[in-house]
Structures are given as structure tokens and as C-alpha cells.
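Visitor: Could you take me through one part of this structure slowly? I am new to this, so please tell me what each piece sits next to.

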Amino acid sequence: MSASQAATDLCPHCGSEVPSRARFCPECGTSLEPAAHRTQIVQLPNEDTGAVPITMQVAEPRWFGVTPPTLLLGVSAALLVLAIVLFATRHWPYGLILLGLAALLLAAFMEAARRRPHSHTTPRAGTEVKEKARSAWEEWRARSFAAGEARRIQSELLLIESERNRQLGFLGAAAHRHDSTGEAAARSALGELDARETALQARLEEQLALAGERIRKAKLPVQDTMMVLPSEPSPPPGEATPPQPAVVPEPYPPPDEGNPPEPARIPEPTPDAPRRED
């Protein structure tokens, strides 16, 4: 009996017998470990206590105080300029040699920049260059198309102006001869020319507006994003026109002034009036 009691304990939760070294009660599953050995459940705060600064440093090798990719880029640019100078001075063989060296160094720079750890400068720069090139191309297309349409419409307007002058001459000659039929025909032709000119002017404005919209959309991908804070209305609501008390119109004429009260009139006694005796 004593050995059985020594080998078993009682669960503090349900009172069942459990082995002395058991970690959980086989009946109710309650943990039998001391509180110091149990896993603590801590409620995390909903928000951080404050901003935690994050710093990152990358150790890069340097040649003469300059990072290798930057040095390669600088040397390739110098060789390219020197090759252009040699081409201009008609030293073609040496210019070709320096141009090949500049191309090799530029390729080495691109490879070194691509392999740099945690470096996103080169892909991002390439994307920006592509976006700028695409934007410039779309802008040039829109401008060239609008310029071509404007030149064509302007040439048609010049033809209309020339035809108008000719019809005005016909109108003057018909009016001088008192030719009503010729005068009516000239006026009709002038009306048609005015209608054509109005339509061409509207079309020119439409083409210019369309080109402006295309140029604006082409520039959107490369423009810097601007954050505009909402401005408070000036003056603030409720201060520009504060509430005023209701205006009660004064009666006109004012009371007791149009018909002022008068004292009661007492008739004067006459000699013929009978006297009252007490």
C-alpha cells in the first residue's frame, strides 16, 4: 500500500491518481509540471511601442578609394571619349582598339553591378531608362502626327482663302453688272467656303487637343509623384459669414408717433347750462 501511494499522486484538478513523474493527467489532461517550467502565454500589444530604426551596412571592396563597378564605368567612358577623338583625327585603327576595350570594360561593369549583393540600382536604372525612352518615343510620335495634321489643315485653309478671294471678285463683278443670278451663286459659294473653314478650324483644335492628351499620358510614367496635402478652406466654415440675429423691421410710423394720444377734451360750461345743486 505504501509503495502504491509513493508511486502515485493525485491530480489537483480532477483528483485522479497519476504516476509520480507524469507531466499531464491522463484523465483531464491538466499539466502537472511546476509553474516555473511551464510555457508562459504572454499577450502581445496591439501596436508597437515606437519606431525601431533599422540600419544596414554592406562592406564592399575598393580600388584606390572607388568601388570596382564605378571604376570600370569611369575607365570605359574615358576610353570611349578617347576613341571618338581618334576617329575624329582619322586614326581609325587605334580608335577601333580603344572602342573594343571600352565595350569590354562596360560589359564587365554590367556583370559586376549585376552580381553585387543587395543591389537593385542597375535593374531599376534600366527600367527607368526604358520608361523614359518609351515616353520620349510616344511624345515624338504624338507631336509629329499633330504637326502633320496641322500642316495639312493649314494648307487646306490657304486654298479656301484663295478661293474666297476669287469668289469675292466674282461677287463684285456681278454686283457691278447688276447680275442677280451671278451674285447669288457667288454668295452661295462664299457660304460653303465659310462652312468648310469652320469645320477645318474645329478639326484642327480637336487634333491639337488629342495630341496634348497623348503627350500627357506619355509623360505620366516618368513624372515624379507629387503629394498634395488638402488645404483648409479660406476662410474656415462658420467664420466668413457668422450667424447674425434676425432683423425685425421697425413699424412705420413708430407706435405712438403716427397718432399720439391726446388728453381728453372737457367741454366748457355755457351760461345757459343748468347748474347742479348738491
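Guide: Let's begin with Arg143, which is partly exposed at 46% relative accessibility. Please keep in mind that this is a predicted model. Arg143 forms a salt bridge with Glu139, and their closest N and O atoms are 3.1 Å apart. Why can these two meet? They are four residues apart in helix H4, so about one helical turn separates them. Glu139 itself counts as buried because its relative accessible area is 18%, and the cut-off for buried is under 20%. In general, side chains of opposite charge can pair when their charged atoms come close.

Further along helix H4 there is another pair to find. Glu163 forms a salt bridge with Arg166, with the closest N and O atoms 2.6 Å apart. Here the two residues are three apart in helix H4, so again about one helical turn lies between them. Glu163 is partly exposed, with a relative accessible area of 25%, and Arg166 is partly exposed too, at 41%. Salt bridges also join into a network that links Glu161, Arg164, Asp194 and Glu197. A search of the whole structure finds 13 salt bridges.

Now follow the chain to the loop between H4 and H5, where you will find His178. His178 has a positive phi of about 60°, although it is not a glycine. For comparison, most residues other than glycine have a negative phi. His178 is exposed, with a relative accessible area of 74%. Look next at Asp179 and Arg177, which form a salt bridge with their closest N and O atoms 3.8 Å apart. Of this pair, Asp179 is partly exposed at 27%, while Arg177 is exposed at 53%.

Finally, turn to the nonpolar side of the story. The largest nonpolar core has 10 residues, among them Ala150, Ile153, Leu157, Leu190 and Leu204. Helix H4 (121-177) and helix H5 (180-219) are the elements that give two or more residues to this core. Leaving aside residues up to four places away in sequence, Ala186 touches Gln167, Phe170 and Leu171.

Definitions and conventions:
Residues are numbered from 1 along each chain as its sequence is written. This is a predicted model: local features need pLDDT of at least 70, side-chain atom pairs count only at pLDDT 80 or more; totals for chains, interfaces and linings use all residues. Side-chain values use heavy atoms; hydrogens and water are left out. A nonpolar core is a set of buried Ala, Val, Leu, Ile, Met, Phe, Trp, Tyr and Cys residues joined through side-chain atoms within 4.5 Å. Buried means under 20% relative accessible area, exposed over 50%, partly exposed in between (1.4 Å probe, protein chains only). Contact means heavy atoms within 4.5 Å. A salt bridge is a side-chain nitrogen of Lys or Arg within 4 Å of a carboxyl oxygen of Asp or Glu.
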